[in-house]
Amino acid sequence: MKKLMLIVNPAAGRSAYSLNFGEAMKTLSDGGFATTLFFTSGRGDATEYARRYGEKYDVAACVGGDGTLSEMLAGLMPLGKPPLVGYFPMGTANDVATTLGLPKNDMIGAARKLLKGDPHPFDVGGFGEDEYFAYIAAFGAFTSVSYATPQNQKKTLGHLAYVLQGATELPNIETYHTRVEYDDGVIEENLVYGSMSNSTSVAGIVKLPNEMVCIGDGISELVLVKDPGSVEGFGDILRAVISRNFDSEKLIILHTKKAKFIFDKPVSWTRDGEDGGKHEEVELKNFPHPVELIF
């Protein structure tokens, strides 16, 4: 039998993993997996489990949201020969699952996908010296929503909690004078948002075209939003992006292997929906498919 380590975040997705959990484990067993469970109790646990035990298994998978996947990947990155990666999406936004077409909040469906799916090259983002992200690092408008939203609201309201929290930030959107150095040049602008990502879905709301994103090509998407001049102007940009109209002169979308952001003051970042700290200078890079993810 193949050896599977399954890292479970019991707090993700309002504990939806517990529904049909036994049947999902039976599905994995019947499909030839001997599963060892690792339950997290706090931030960083998934990273530690993956780093310490990952090489002992054929597949390392996690049950949780995009943040849990991000933590697990961070633990696998230093390994000489990481195992294949599986994902049971049980979060709120589930951006990675949307990009990959994985069943969301469905333990049995995810178990079947792990059994029948194929491994695909998967790029991982680098954040600074020794931190990583699964699909996005971002700053600016709404990026604090995922970790600023109270946990009890996430559990009770789900995705609606993010929308409501985001609406409260509209009057307080900041502008950041930013120098961005990327593969093909330099951009210096007043920005309200910036990100480097590898996903067609951001916050479960914004959808980039499928043809724009390839998860294993060693290239990331650089998205920059210039200062719109007013809350109303930002609303126009947001509506355009939600409707997948990317022609606004205030919106820049590029492709790059690396990017360096330089600010004139410390700026808050988020990595895969988790607090990434404040930085005056951040270097991001794409690690070309260091792992293979099954879907």
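Just after helix α1, Gly-32 takes a positive phi of about 105°. Helices (H or I, at least four residues) and strands (E, at least two) are DSSP runs, numbered from the N terminus. The model is predicted: local features need pLDDT of at least 70, side-chain atom pairs count only at pLDDT 80 or more, and totals for chains, interfaces and linings use all residues. Residues are numbered from 1 along each chain as its sequence is written, and side-chain values use heavy atoms, with hydrogens and water left out.

Now step back into α1 itself, residues 21–30. Its buried residues are Phe-21, Ala-24, Met-25, Thr-27 and Leu-28. Buried means under 20% relative accessible area, exposed over 50%, partly exposed in between (1.4 Å probe, protein chains only). These five cover an arc of only 155° around the axis, which puts them on the same side of α1. The arc is that of the directions from the helix axis to the C-beta atoms. On the other side, Gly-22, Lys-26 and Asp-30 are exposed. What covers the buried residues includes β1 (2–8), β2 (33–39), β4 (84–89) and α5 (107–116); contact here means heavy atoms within 4.5 Å.

Next, the aromatic rings. Rings of Phe, Tyr and Trp (its six-membered ring) pair if their centres lie within 6.5 Å; planes under 30 degrees apart count as stacked, over 60 as edge-to-face and the rest as tilted. The count comes to 14 aromatic pairs. In one of them, the rings of Phe-127 and Trp-269 have centres 5.8 Å apart and planes at 75°, so the pair is edge-to-face. It links distant parts of the chain: Phe-127 lies in strand β5 and Trp-269 in strand β14 (residues 258–271), 142 residues apart. Phe-127 counts as buried at 2% relative accessibility. Trp-269 is buried too, at 0%. Both belong to one aromatic cluster, together with Phe-139, Tyr-176, Phe-261 and Phe-263.

On a 1 Å grid over the protein atoms alone, a cavity is a set of points where a 1.4 Å probe fits but cannot get out; lining residues have an atom within 4 Å of a point. Grid points are joined across faces, edges and corners, and a volume is the space filled by probe spheres set on the points. There are 3 cavities of 30 Å³ or more. β5 (119–127), β9 (185–197) and β15 (274–294) each give two or more residues to its lining. The largest share, 3 residues, comes from β5.

The second largest cavity has a volume of about 40 Å³. Helix α4 (residues 95–100) gives the largest share of its lining, 3 residues.

Note on methods. On a 1 Å grid over the protein atoms alone, a cavity is a set of points where a 1.4 Å probe fits but cannot get out, and a pocket is an open set with protein on both sides within 12 Å along at least five of seven lines; lining residues have an atom within 4 Å of a point.
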